Amino acid sequence: MTRGNQRDQDRLKAQKKAAASKSKPKESASNLAKRKENDANILREKQKKAQEAAAAAGGSSGGGKK
């Protein structure tokens, strides 16, 4: 019930996979915070436009489902 070289091959495969994932650049904390804030501002603007469109169409100003 020996596994032969399967264990070694799996280890090499895992090392290659780990090396590939390490090559991706990480986003710094400051850039991440800026991006999150920018995304939040975009969503706020979209919500404001949707509420204005609903008010102009005579809908309720409640703002959608809850």
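Let me begin with a term: a residue is called buried under 20% relative accessible area, exposed over 50%, and partly exposed in between, using a 1.4 Å probe and the protein chains only. Arg-35, at 39% relative accessibility, is therefore partly exposed.

Now the ground rules. This is a predicted model, in which local features need pLDDT of at least 70 and side-chain atom pairs count only at pLDDT 80 or more, while totals for chains, interfaces and linings use all residues. Residues are numbered from 1 along each chain as its sequence is written, and side-chain values use heavy atoms, with hydrogens and water left out.

The overall picture is next. The protein chain has two helices and zero strands. Of the chain's 66 residues, 0% count as buried. The chain exposes about 6,500 Å², and 53% of that comes from carbon and sulfur atoms. Those areas come from the Shrake-Rupley method with a 1.4 Å probe; for residues, only the protein chains shown count as cover.

Let us check helix α2. Its 28 residues, at 1.5 Å a residue, should span 40 Å, and the end C-alpha atoms are 41 Å apart, which agrees. The expected span here is 1.5 Å times one less than the number of residues. Just after α2 comes Gly-58, with a positive phi of about 90°.

On to charged pairs. Side chains of opposite charge can pair when their charged atoms come close. How many salt bridges does the structure hold? There are three, a salt bridge being a side-chain nitrogen of Lys or Arg within 4 Å of a carboxyl oxygen of Asp or Glu.

One joins Arg-11 to Asp-8, with the closest N and O atoms 3.3 Å apart. Both residues sit in helix α1, residues 6-22, and three residues, about one turn, separate them. Arg-11 is partly exposed at 46%, and so is Asp-8 at 43%.

Another links Asp-39 and Arg-35, at 3.7 Å from N to O. These two are four residues apart in helix α2, residues 29-56, which means about one helical turn between them. Asp-39 has 36% relative accessibility, so it counts as partly exposed.

Arg-44 and Glu-37 also form a salt bridge, their closest N and O atoms being 3.7 Å apart. Arg-44 has a relative accessible area of 45%, and Glu-37 one of 42%.

Last, the loop. Where does Glu-27 lie? Glu-27 is in the loop between α1 and α2, and is partly exposed at 41%. Setting aside neighbours within four places in sequence, Glu-27 is in contact with Leu-32 and Arg-35, where contact means heavy atoms within 4.5 Å. Arg-35 is also the salt-bridge partner of Asp-39.
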